[in-house]
Amino acid sequence: MTFAPAPGAAPMRQMVAAQAGLETRTLLRNGEQLTLTLIIPLLLLAAFSLEPLVSFGGGYTRIDFLTPGVIALAVMSTAFTSQAIATGFERRYGVLKRLGAEPLSRTGLIAAKTVTVIAVELGQAVIIMLVALALGWSPNAVAAAIVVVPLLVLLGTAAFSGFALLLAGTLRAEATLAAANLIYVVMLGVGGVVFPLTKFPPGVRSLLELLPTGALSTGLRDVLANGAAFPAKNIVTLAVWAVVGIALAARFFRWE
Amino acid sequence: MVKRYGALTAVDGLTLTARRGEVTAILGPNGAGKTTTIEVCEGYRAADAGTVRVLGLDPARNLQKLLPRIGVMLQSGGIPPAVPAGEYLRLLSRFHQNPHDPAWLLDTVGLSESKRTAYKRLSGGQQQRLSLAAALIGRPELVFLDEPTAGMDPQARHATWDLIRALRADGVSVILTTHFMDEAELLSDHVVIIDAGRVVADGSPATLTGSAGQLRFRAEPGLDTDSLLSALPTDCAAKESPAGHYLIEVPSGTIEPALLAAVTAWCAERAVLPSSLRIESRTLEDVFLELTGRELRS
């Protein structure tokens, strides 16, 4: 073997697939991240559906109410909390800087992160829905849900990712960790995940439904439990958050 | 090239050329502007003034064309702490068209047995070696090595030197920074000494150390150096520093046998036995300290 030069960039798809593969494996090997993205949602699903801890109202069975909310929580945990923490530490350890010297462009890196998030979300969705079905979940949805649920999830993912990168790209890694976890816990409480937003006073409720987590959980519940075809208000809300979050991240993200 | 950070001018009108196929060493005290200079060439930051061309390309404008052709070893970090060494090299190999075999490269830098070890569990020297391998995986034409042997034990340093010689022999251009003068003297074709963001010396190690001869010996402290000097040819300089260590320099030439005889004769007349007597040329370290001073830098 020799070191004789033979440089050249690999095709973009190969680079993105390699980076996404590494990021996914790293995430799945990380116990804390896995707790956040899978264990907590599943525990909530099981605990709140088996025991009448909260009266959900609205004529739902407990599992029918919970499943859409837990899916929304899972999306937030991956796209927002987990991504913010991972990216914040990548920035701190100079990983993003070192990748900047590789042929993988920044667009390619963002694409790899997107692929990672969506792959993990697919895994979460499958596991959560299987467990929910085992617990007696029976969705009340029209055929359009096949398109509208992924649309809601994608818009939510875009919104959460934008704010994840905004945190990770501007704050210190420790501050990102604290903020991302804090927001996760607060949104678990007031995001319509396990506690119905209908229990809040009307003014507060409409405000909470305008937050990304509230919009996603309400939208998913509307489609999966109420048989709604197109929760326009939630979709628009998420789209606005997505545009704002991504624009802010693009403007303020610092690579080093 | 000029690069400022706010009020601080890190690189202040620096001019240097590193030729293809050569090993160029950039030396300088801490804060001299070495890393800034290299990071402008790597495209991490744009120069405030001046012209920068790397392999004929402007890193500020044609970075995506340049990046596949260069290899980068940062001064520290850059590798995800939880990822095993072998997996990290395999990832980087997927970014390149004709990469080296990751297993072969890992073996070449002596990390075969650590391929399943997470980066954070490697020793400092092993981390440096993985970082070096990462710079080489894509078969680059030019590699930038920022303090490549910092934190390595002597075995790893020698292995790294052999590797850099192999790179040069195979036609890879190398630009490195280092604080080890012996490293620069042994490895490089071309040495650039910078201080306060400017080049203070530029040339081959032999040109920089010059032909000036030195004769050193040890003896009892307090010998009369003026008397010694009067016994020697006129262009010599003699001093005692520190006590008991004597240095005779011939700035414009080499130490001749006659000079050595004159010194030992002068000692014999005084019944002084010189010990550790040696004749040598200036080292790069002498030149470096002469040019950049002895006071400590931040």
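**View 1. A hairpin in chain B, built from β10(B) and β11(B).** These two strands form a hairpin with 4 residues between them, and B:Gly244 in the turn has a positive phi of about 90°. Strands here are DSSP runs of E with at least two residues, helices are runs of H or I with at least four, and both are numbered from the N terminus. What you're looking at is a predicted model, where local features need pLDDT of at least 70, side-chain atom pairs count only at pLDDT 80 or more, and totals for chains, interfaces and linings use all residues. Residues are numbered from 1 along each chain as its sequence is written, while chains are lettered from A and ligands numbered from 1 in the order in which they are written.

View 2. β10(B) and β11(B), the latter covering residues 245–250, run antiparallel and are joined by 4 bridges; a pair needs at least two DSSP bridges between its strands.

View 3. Zoom out a bit and the 4 strands of chain B line up as β10-β11-β9-β12, with antiparallel pairing. At the edges sit β10 (237–240) and β12 (275–281) of chain B, each pairing on one side only. From one strand to the next, the twist averages 15°, with axes taken as lines fitted to C-alpha atoms and angles running from 0 to 180 degrees between N-to-C directions.

**View 4. Where chain B touches chain A.** Here 34 residues of chain B are in contact with 29 residues of chain A, contact being C-beta atoms, placed from the backbone, within 7 Å. On the chain B side, α3 (85–93) and α6 (154–169) each supply at least two residues. The largest share, 3 residues, comes from α3(B). By type, that side of chain B splits into 19 nonpolar, 8 polar and 7 charged residues; Ala, Val, Leu, Ile, Met, Phe, Trp, Tyr, Cys and Pro count as nonpolar, Asp, Glu, Lys and Arg as charged, and the others, Gly among them, as polar.

View 5. Chain A has 10 helices and 0 strands. Along its principal axes, the C-alpha trace of chain A spans about 70 × 35 × 30 Å. Of its 256 residues, 48% count as buried, i.e. 20 or more other C-beta atoms, placed from the backbone, lie within 10 Å of the residue's own.

Notes: A residue is buried if 20 or more other C-beta atoms lie within 10 Å of its own, exposed if 12 or fewer, and partly exposed in between; C-beta atoms are placed from the backbone. Two residues are in contact if their C-beta atoms, placed from the backbone, lie within 7 Å.
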